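Please look over the sequence and the model shown here. The text after them walks through the fold.

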Amino acid sequence: MLAATAVCTGVTSVLGCADGNTQEKTKDATNHANQDGGQDAPRNESEKAPETSAGAIERLSKGNARFVSGKLRHPHSATEWRKRLVGGQAPFATIVGCSDSRVPPELLFDQGFGDLFVIRVAGNVIDTDVVGSIEYGVDHLNTKLVVVMGHEGCGAVTAALQADADLEKEPNEIRSLVSKIKPATKDVDRELPFEKQLNISVAENVRNSVKQLKAVADLALAEKESRTEIIGCVYEIKTGHVRMLDV
Ligand SMILES: [Zn+2]
């Protein structure tokens, strides 16, 4: 479904619309998105807000292809567009990514304000609050896609590959976070070059996060009802490509 070199999964955005008018405002923002008209708004039919997970994947894939080629459009970034979003948001995808400063989803998918509902936490680990944010994105903002995105050279996964003794001096909170990533490293062949060990662990960590999300009753129901789709991907820092994973 995705181009061979592009795309990933996940998407969530800000908890705006917390004043009880969520539905109305979301609808309003959707209308704005469909009307476009901002100076940098999409101008052709194919770039209207996606209505399916496949459409969301295609839009992310195309955006990542622009990023890789250097032909960025920086859509939905003009002042006029930003003003249109004052009344609400209607992001089309929720993205669960790492906090790493080199992997901002809006940039590597060439998206703009109001397009992505983004949750970032070191190692793209899943916990209750992350799930709550994703559920908000799916149930209240109607994001058609949830993408868990790991990345090459992830420091959090690197830490998880280290021996427990090496982490003894770290604060409890960091050790707790790393412990959530450890399962992704347990079957890795330690005879491999470290970069390979890391790449394998990064991918496995994404798969683990996707499995965790698919096991959440509310999100499983959303997938069953085809309201959203949960996928996983890895961002290749060297090339800029986002690579889809089989999960
Ligand atoms: Zn990372």
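The paragraphs below go from the overall chain to the sheet and then to the core.

The model is predicted. Its chain contains nine helices and five strands. Read from the N terminus, the elements follow the order α-α-α-β-α-β-α-β-α-α-α-α-β-β. Of the 247 residues in the chain, 44% count as buried. Among contacts between residues at least 6 apart in sequence, 79% join residues at least 24 apart.

The five strands build an open sheet in the order 2-1-3-4-5, and the pairing is mixed. The edges are taken by strand 2 (116–120) and strand 5 (242–244); each has a single partner strand, so one side of each is left without a neighbour in the sheet. On average, and ignoring direction, neighbouring strands are turned by 30° against each other.

Strand 1 (residues 93–97) pairs with strand 3 (residues 145–151) in the parallel sense, over five bridges. Within this pair, Ile-95 of the chain stands opposite Val-147 in strand 3. Helix 5 (residues 128–139) packs on the sheet and touches strand 1, strand 2 and strand 3. The direction of helix 5 makes about 165° with that of strand 1.

What of the nonpolar residues? In soluble globular proteins, nonpolar side chains tend to be buried together. Here the largest nonpolar core has 53 residues. Those with the most contacts inside this core are Ala-93, Val-96, Ile-134, Val-147, Met-149, Ala-156 and Val-157. Helix 8 (residues 194–214) gives the most to the core, with six residues. Val-147, listed among the residues with the most contacts in the core, is also the residue opposite Ile-95.

Methods. Residues are numbered from 1 along each chain as its sequence is written. This is a predicted model: local features need pLDDT of at least 70, side-chain atom pairs count only at pLDDT 80 or more; totals for chains, interfaces and linings use all residues. A nonpolar core is a set of buried Ala, Val, Leu, Ile, Met, Phe, Trp, Tyr and Cys residues joined through C-beta atoms within 7 Å. A residue is buried if 20 or more other C-beta atoms lie within 10 Å of its own, exposed if 12 or fewer, and partly exposed in between; C-beta atoms are placed from the backbone. Helices (H or I, at least four residues) and strands (E, at least two) are DSSP runs, numbered from the N terminus. Two strands pair if DSSP finds at least two bridges between them. Axes are lines fitted to C-alpha atoms, for helices over the stretch in contact, and angles run from 0 to 180 degrees between N-to-C directions. Two residues are in contact if their C-beta atoms, placed from the backbone, lie within 7 Å.
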